[in-house]
Amino acid sequence: MPGEVIQQSAQAILEFDNMGLSLIEISHRSKNFEAVMEETRSLVKEILGLKSNYEVLFLQGGATLGFYIVPLNLLQEGHKAAYANTGVWAAGAIKDAKLVGEIDVVSDSSDKNHSYIPPIELTGEYDYLHITSNNTIFGTQYQKFPKTNAPLVCDMSSDIFSKQFDANDFALIYAGAQKNMGPAGSTLYIVDTEFLGKTGRKLPNYLDLKNHIDKDSMANTPPVFSVYANMLTLRWIKANGGLEGMDRRNREKQEVFYNELDRNSLFHGHAVTQARSWMNPTFRLNDDSMAAEFDKMWKDAGISGITGHRSVGGYRASMYNALSVESVKVLTDVMNEFERIKG
Ligand SMILES: Cc1ncc(COP(=O)(O)O)c(C=O)c1O
């Protein structure tokens, strides 16, 4: 998260809006919090340039509950949905959708440990096509979104607000807040309302997106702190050039990183070049016996948290929006220096 957002959030925990109370003890029905929710939702609309048929919600349950909420709200009885299997999270979405109805896996990268983004061509009729825009664990990302005859639904948990794209091309986008927006605890839903209310399925209150829309995302107690921090981050995104500004910032970071990866003779990437993630580059040493020495070097440089997920191994240098290009350069300098010593 941007440093200034963490500072302002910390201040709001101590005292919010000169109310003599902490943000986390005020009523979520107070005017002050209603204003926060309203601004947060409208900043999402503004930054993404959403048309009037879209609604924005901040719910709980993480993207994981979204795996189930999406088919419950969009997949009609007796119809089918198409899913792309591009990694662990996509597989999670597929598993939960199967609890709701029939789905076809129309593209699958599991044959090569999800190191690429397979193309999608739909032959049948589907209520929607579900993709995962950025595969956090494997370090792959759609560089272009598929265009098919099915409405597009996307889990954007790990790359929302990171580059320019047209959100109006999607029937539904969902994303856990905890990467590019704020602390864990809220999940963003962006819904084209024209796709809702068609399943005929009776849903419990919390799982019914229409219910949340009718109640302005306040059907029950919202995750107050997370929403507030999201609002601050969205203000930061807006002040830093919106999607265009984030695109510029993240483009530069990934260029710095991948240029070093391609130049350095000691490392290779997990993802194929055309599918490289701007958010989570995954890479390995060519010779794993050098790992202990390399690990000591990056830890000594003050870097933390770049150990790769167990299903890929090696390293993962997450470069979410708030991370500066200077931080990326600390890592590439270490990689460069390591090659100088070992090469
Ligand atoms: C792309 C993607 N989808 C889903 C999830 C799961 O999100 P949550 O923990 O919010 O349920 C993650 C978490 O890292 C993710 O990266």
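How many residues surround the ligand, and which are the closest?

## Around the ligand

The shell holds 13 residues, each with a heavy atom within 4 Å of the ligand. Thr64, Thr136, Asp155, Gln178 and Lys179 are the closest. The structure is a predicted model: local features need pLDDT of at least 70, side-chain atom pairs count only at pLDDT 80 or more, and totals for chains, interfaces and linings use all residues. Residues are numbered from 1 along each chain as its sequence is written, and side-chain values use heavy atoms, with hydrogens and water left out.

By class, the shell has three nonpolar, eight polar and two charged residues. Nonpolar here covers Ala, Val, Leu, Ile, Met, Phe, Trp, Tyr, Cys and Pro; charged covers Asp, Glu, Lys and Arg; the others, Gly among them, are polar. Helix H3 (residues 62–74) gives the most to this shell, with four residues.

The side chain of Thr136 places an N or O atom 2.4 Å from a ligand oxygen. For the side chain of Lys179, the distance to a ligand oxygen is 2.5 Å. Ala63 uses a backbone N or O atom, 3.0 Å from an oxygen of the ligand.

Taken alone, the ligand exposes 400 Å² (Shrake-Rupley method, 1.4 Å probe). The protein buries 86% of that.

## A three-stranded sheet

Strands E10, E11 and E12 form an open antiparallel sheet, in that order. Strands are DSSP runs of at least two residues, helices of at least four. Two strands pair if DSSP finds at least two bridges between them. E10 (267–269) and E12 (315–316) are the edge strands, each pairing on one side only.

Two bridges join E11 (residues 282–285) to E12. Phe283 has Tyr315 in E12 as its bridge partner.

Note on methods:
A polar contact is a pair of N or O atoms within 3.5 Å; within protein, one must be able to donate a hydrogen and the other to accept it, and residues adjacent in sequence count only if both atoms are side-chain atoms.
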